[in-house]
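Keep the model open as you read.

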Amino acid sequence: MDTSVILPVEAEGFIQSLHMFSLKEVGSTRWFKQHEYIEKLNMQAILNASAAHNEFVKELLVSHGKIPLLVHEMILVEVWKQKVFPILCQLKDFNPKNTFHLYMVIHHEATVINLLETIMFHKDSCDSADDSVLDLVDYCHRKLTLLVSKRTREGTTAPEPVCLTASSLEALQMQTAAQEFDISLKALSVLRYITDHTDSISVISRILCTHNLPCVLVQLIETCPWSRCSKGDVEKYTNGRWQKIPTEDHLKITKLEGQVWISLYNLLLKEDCQRKYDFNNFNKNQLLKLRSFLTEVLIDQLPILEELRRFLAHLAITDTAPPKKELVLEQLPEIRNHIMSQNSGKWKAIAKFQVKEMFSLSEDDLRLQAQRLAQTYSLDVMENLIPEKPKCGSCGKEASKRCSQCQLQWYCHRECQVNDWLRHKKICHVYEATEKIQRELNISS
């Protein structure tokens, strides 16, 4: 079975055509076309990485120097979501018939961070990112601190379901907030890969001195946002969804937990990092909290953590010297600062322009975008991305039934479908909205 979403020659054409947009252009027809290119590149990159063979999307992004552009695209939408989207939702003349177009703009950030998570596993991708790694470090720091603060406020309870009576815009805002969780966890993986590969003094200084990310990671270990209690059961966030964990597996670490521990290992044990980090009393006390989590069960699963445990034992009984002061010309991240300064004071004007030009589409524009969206998320493509024997979207067992609305997700039993609905309905509603637009515009399948 051919499992390609796009061919190498198509991928090269897509990548060569990628270019930077202004904040005002977010949601335009040209921007939307680029979103589709990146979405397809993301699907193919995941497929290549899963097969561990011929990762041509990564190679092309590196050779054409497009990784800094991806970082810019991601931060651009992050700024749009924070500064423009709230104003847009409050405008009296904004009452879209369909919110799928808005959702896809919001979804763009998740698409790009997913693509970066896939390709940043490789050192040449980190090297190719060049100075944009600084912006990427800042981005990861913003996401992780928000994740910690939100988890601290909410405790360990499961999130409330989206109200069925909410307006389409209110529901979209709730979905956006829910999507932030997944984005933040992907940012954690990206940060881990940066700590694996970078040897830049500026990047190391940004991670350790500016943001003190080791202490942020300690807080993540303490708050454990990838685990929760729901109706008396322990659930962990695995492979993009919450899954009930059998009692015998409660102490088994997930990939996300592993990313945190490996990041800490890199930041505390690499020689360059140890020389740069300030082991003052506050930082030392925070790091020593890790000792209670470094159990034999954990070390059996990640044996390299034995070295971290020995380091912390030594740290507990020694007085560390402050880091040597070195004359370093600090590089500063530029992407977000440039976007913010370029658009400062223009947020409302941009929102009004986009209501008029972007999100009040003509029938021809709706028809074109509905066709493209349907092709990007076509059932044939999705079929090629799933294993030979479909797996249940809730419990992971072999499945024989599909979601009746979107036909994209598989389930083994009705109970699993009900349990998975809060997660699945986001993509289900997008696909359903696309189908509705196609019917309204008389587009043939």
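Start with a crossing: helices α10 and α13 cross in a left-handed way. Left-handed means that the near helix is turned anticlockwise from the far one by less than a right angle; clockwise would be right-handed. Helix α10 covers residues 213–223 and α13 covers residues 281–288. Their packing angle is about 35°, and their axes lie 9 Å apart. Axes here are lines fitted to C-alpha atoms, for helices over the stretch in contact, and angles run from 0 to 180 degrees between N-to-C directions. From α10, the contact takes Pro214, Cys215 and Val218. From α13 come Phe282, Asn283, Gln286 and Leu287. Contact means heavy atoms within 4.5 Å. By class, five of these residues are nonpolar, two are polar and none is charged. In this scheme Ala, Val, Leu, Ile, Met, Phe, Trp, Tyr, Cys and Pro are nonpolar, Asp, Glu, Lys and Arg are charged, and the others, Gly among them, are polar.

A word on the basis of all this. The model is predicted: local features need pLDDT of at least 70, side-chain atom pairs count only at pLDDT 80 or more, and totals for chains, interfaces and linings use all residues. Residues are numbered from 1 along each chain as its sequence is written, and side-chain values use heavy atoms, with hydrogens and water left out.

Now the whole chain. It has 20 helices and five strands. These are DSSP runs numbered from the N terminus, with helices (H or I) of at least four residues and strands (E) of at least two. Of the 445 residues, 53% count as buried. Buried means under 20% relative accessible area, exposed over 50%, and partly exposed in between (1.4 Å probe, protein chains only). The chain exposes about 21,800 Å², and carbon and sulfur atoms supply 52% of that area. Among contacts between residues at least 6 apart in sequence, 76% join residues at least 24 apart.

Helix α2 (residues 29–51) packs against α5 (residues 100–119) at about 35°, with the axes 9 Å apart. This crossing is left-handed. The α2 side includes Trp31, Phe32, His35 and Glu39. The α5 side includes His101, Met104, His107 and His108. By class, the contact has 11 nonpolar, eight polar and one charged residues.

The largest nonpolar core holds 110 residues, and Trp80, Leu116 and Trp261 touch the most other members. Such a core is a set of buried Ala, Val, Leu, Ile, Met, Phe, Trp, Tyr and Cys residues joined through side-chain atoms within 4.5 Å. Helix α4 (residues 67–90) gives the largest share of this core, 14 residues. Beyond its neighbours within four places in sequence, Leu116 contacts Ile67, Leu70, Val71, Met74, Leu136 and Val190. A second, separate core has seven residues, including Ala399, Trp410, Tyr411 and Cys412.

Finish in the loops. Leu332 sits between α15 (305–316) and α16 (335–343). Leu332 counts as exposed because its relative accessibility is 53%. Apart from neighbours within four places in sequence, Leu332 contacts Leu134 and Arg206. Arg206 is 126 residues away in sequence, yet 8.7 Å away C-alpha to C-alpha.

Most residues other than glycine have a negative phi. Asp130 has a positive phi, near 55°. Asp130 lies in the loop between α6 (123–129) and α7 (132–154). Is Asp130 buried or exposed? At 54% relative accessibility, Asp130 counts as exposed. Asn212 also has a positive phi, near 50°. Asn212 lies between α9 (201–210) and α10. Asn212 counts as buried, because its relative accessibility is 19%.

Notes. Accessible areas come from the Shrake-Rupley method with a 1.4 Å probe; for residues, only the protein chains shown count as cover.
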